[in-house]
Amino acid sequence: NYCGFFSFTKEFIEISSVFLYNGFRETISMKKKEYFYNFVRDYNYFICPICHEKLTLSVSSLKCNNGHNFDISSKGTVNLINTCKYKRSEIYNKNLFLNRRAFILNDFYSEVYDIISEVINGNKLNKVVLDAGCGEASHGIGTLKRLHENTLFLGFDYSKDAIDLASDYYVNKRVFFEASVDNIPLMTSSVDVIIDFLSPFNMSEFKRILKSGGVIIKVSPAKEYLKELRKNMKIDNYSKEDEIFNNINDKFLVEKIIKYKKKFKIDFKLFDNLMKMTPMKFDKKIDKVDDITIDLNIYVLRGD
């Protein structure tokens with residue numbers, strides 16, 4: 001009965017997809033692990049987050065001379081947070097990062113990636129790029145697509161859920177790991193470019209890992225960032241621009257500040273993504289907004 005067959009086709013495909021995925025789960029996992037192994041063998045910049053000695057591959061883990069051991073997961077990621085200080089977030093979870101990815105992939109930030117890549121390519125600094133606080137890596141990959149194909153790309157975030165999702169972007173010369181911005185497990189003077197895209201930062205650590213002549217590109221909210229949503233929620237406009245500038249100006253030469261501001265239309269689905277990607281909790285329903293403003297400061301910083 002062809003009608004009956006086609007009426008169940010979608011369900012059949014979904015079930016088959018699950019079966020095939022489960023059947024090849026080990027192969028997929030080993031492929032991701034292989035990417036990680038190859039990266040560490042060829043470009044090993046990792047240090048122990050506990051004693052800061054160099055980490056090396058040891059079977060299926062990274063290990064330092066003092067015996068601290070960090071297992072490489074089936075997704076080809078590794079937790080390099082000092083585990084005695086690690087506390088998994090209940091807010092920054094898989095659901096938040098899935099909605100973040102769904103929102104970001106609608107090209108609200110494409111022109112920002114163009115700006116960032118122009119700075120990097122123009123300075124010929126696209127050898128080793130670090131995405132600090134990368135989340136599920138959509139911002140970093142959006143920029144990476146505009147860089148030289150031989151760029152080595154590292155991304156870290158404190159959230160395990162974020163890094164698990166970031167592993168979706170695995171190919172050669174990319175690696176993702178869990179780490180704290182206050183204790184970055186990378187060797188001193190090992191990175192050409194640090195991208196900090198709407199994430200917390202630690203300028204002392206950034207300065208330590210940045211190569212001489214390297215660049216930090218910090219993207220932070222400007223006054224009217226998501227102003228429509230803030231107004232709807234009865235929250236004041238963003239007010240920390242001066243504080244951010246003062247913090248970075250103490251340690252780095254501010255080479256330039258690039259302003260980016262643009263308004264976009266959003267539908268109900270994107271509004272839902274936007275609400276679900278915010279870490280804030282609400283006591284009442286928030287009315288939908290039809291527009292959002294992306295208002296950003298893009299700081300180009302030099303360490304020396």
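Biologist: How many aromatic pairs does the count come to?

Modeller: This is a predicted model, in which local features need pLDDT of at least 70, side-chain atom pairs count only at pLDDT 80 or more, and totals for chains, interfaces and linings use all residues. Residues are numbered from 1 along each chain as its sequence is written, and side-chain values use heavy atoms, with hydrogens and water left out. Rings of Phe, Tyr and Trp (its six-membered ring) pair if their centres lie within 6.5 Å; planes under 30 degrees apart are stacked, those over 60 edge-to-face and the rest tilted. By this rule, the number of aromatic pairs is 12.

Biologist: Which kind of aromatic pair do F36 and F46 form?

Modeller: The centres of F36 and F46 are 6.1 Å apart.

Biologist: Which kind of pair do the rings of Y170 and F176 form?

Modeller: The ring centres of Y170 and F176 lie 5.5 Å apart. Their planes stand at 75°, so the pair is edge-to-face.

Biologist: Is Y170 buried or exposed?

Modeller: Buried means under 20% relative accessible area, exposed over 50%, and partly exposed in between (1.4 Å probe, protein chains only). Y170 has 6% relative accessibility, so Y170 counts as buried.

Biologist: Which residue of β11 is the bridge partner of S220?

Modeller: Strands are DSSP runs (E, at least two residues), numbered from the N terminus, and two of them pair if DSSP finds at least two bridges between them. Strands β9 and β11 (residues 291-302) run antiparallel and are joined by seven bridges. In β11, the partner of S220 is N297.

How values were computed. Helices (H or I, at least four residues) and strands (E, at least two) are DSSP runs, numbered from the N terminus.
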